[in-house]
Amino acid sequence: VQLLKLIALAGGFEPHKLTRIYQEIIQASRGSRWVWALTFASGIEALAKMLKPNPTISEKEREDVKSLINYIDSSSGEAHLKRVAVNSLHRTLEMTTIRTLRDLQSAGVIDTTQLSAWEAIRNPVMHGSLISPYSTKEEDEQLLAMASMTHALTRELIRRQS
């Protein structure tokens, strides 16, 4: 009931983003296991973005990052490598998907198994590594964990919107 209420109260003619995520997952289940894994991973990222809080970065952390950036900028070395390091430091001040998911794990919304499955599958499949076209115990467990993670994030979204 709460799920239908969330979707119905969104208004407008376009489908609710949550509906679209589940629609894509359902359609992907007709494709290969790799496509299904990609869709689960992307759907989880979309849900995490919907749940992303405003980051609370301490002034000390901001100053530490600024100090490290100044140190890198003033040091010798290849410009490309310095840019990579500085960009990485800037990302520590952002609320990235993985940071959001780790916070949700700490809050008990998702569990370690779910997050580990997402991490094990997300990066490889998003960067072109295929998963087995045949069912394996380990990959089946990871896909099931990602399915339960999708449901857990959906429940949290409903809880926050209620």
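How close do the axes of helix 2 and helix 3 come, and at what angle do they cross? They come within 9 Å and cross at roughly 170 degrees. The model is predicted: local features need pLDDT of at least 70, side-chain atom pairs count only at pLDDT 80 or more, and totals for chains, interfaces and linings use all residues. Residues are numbered from 1 along each chain as its sequence is written, and side-chain values use heavy atoms, with hydrogens and water left out.

**View 1. Contact of helix 2 with helix 3.** Helices (H or I, at least four residues) are DSSP runs numbered from the N terminus. Axes are lines fitted to C-alpha atoms over the stretch in contact, with angles from 0 to 180 degrees between N-to-C directions. Helix 2 and helix 3 are therefore roughly antiparallel (angles over 145 degrees). On helix 2 the contact (heavy atoms within 4.5 Å) is made by K17, L18, I21, E24, I25 and A28, and on helix 3 by V35, W36, T39, F40, G43, A46, L47 and M50. These residues divide into 10 nonpolar, two polar and two charged. Ala, Val, Leu, Ile, Met, Phe, Trp, Tyr, Cys and Pro count as nonpolar, Asp, Glu, Lys and Arg as charged, and the others, Gly among them, as polar.

View 2. The structure holds one aromatic pair (Phe, Tyr or Trp rings, the six-membered one for Trp, with centres within 6.5 Å). W36 and F40 are four residues apart in helix 3, about one helical turn. F40 is buried at 4% relative accessibility, while W36, at 27%, is partly exposed. Buried means under 20% relative accessible area, exposed over 50%, and partly exposed in between (1.4 Å probe, protein chains only).

**View 3. Helix 3 and its buried residues.** Helix 3 has 19 residues and reaches 27 Å from its first C-alpha to its last, close to the 27 Å expected (1.5 Å times one less than the number of residues). Its buried residues include R33, A37, I44 and L51. The buried residues of helix 3 pack against helix 2, helix 6 (97–106), helix 7 (112–126) and helix 8 (137–161).

**View 4. H16 in its loop.** H16 is found between helix 1 (2–8) and helix 2, and is buried at 15% relative accessibility. Not counting residues up to four places away in sequence, H16 touches L6, I7, A10 and M50.

Technical notes:
Phe/Tyr/Trp six-rings, centres within 6.5 Å; stacked < 30°, edge-to-face > 60°. Helix = DSSP H or I, 4+ residues; strand = E, 2+ residues; numbered from the N terminus. Parallel < 35°, antiparallel > 145°, perpendicular 65-115°, else oblique.
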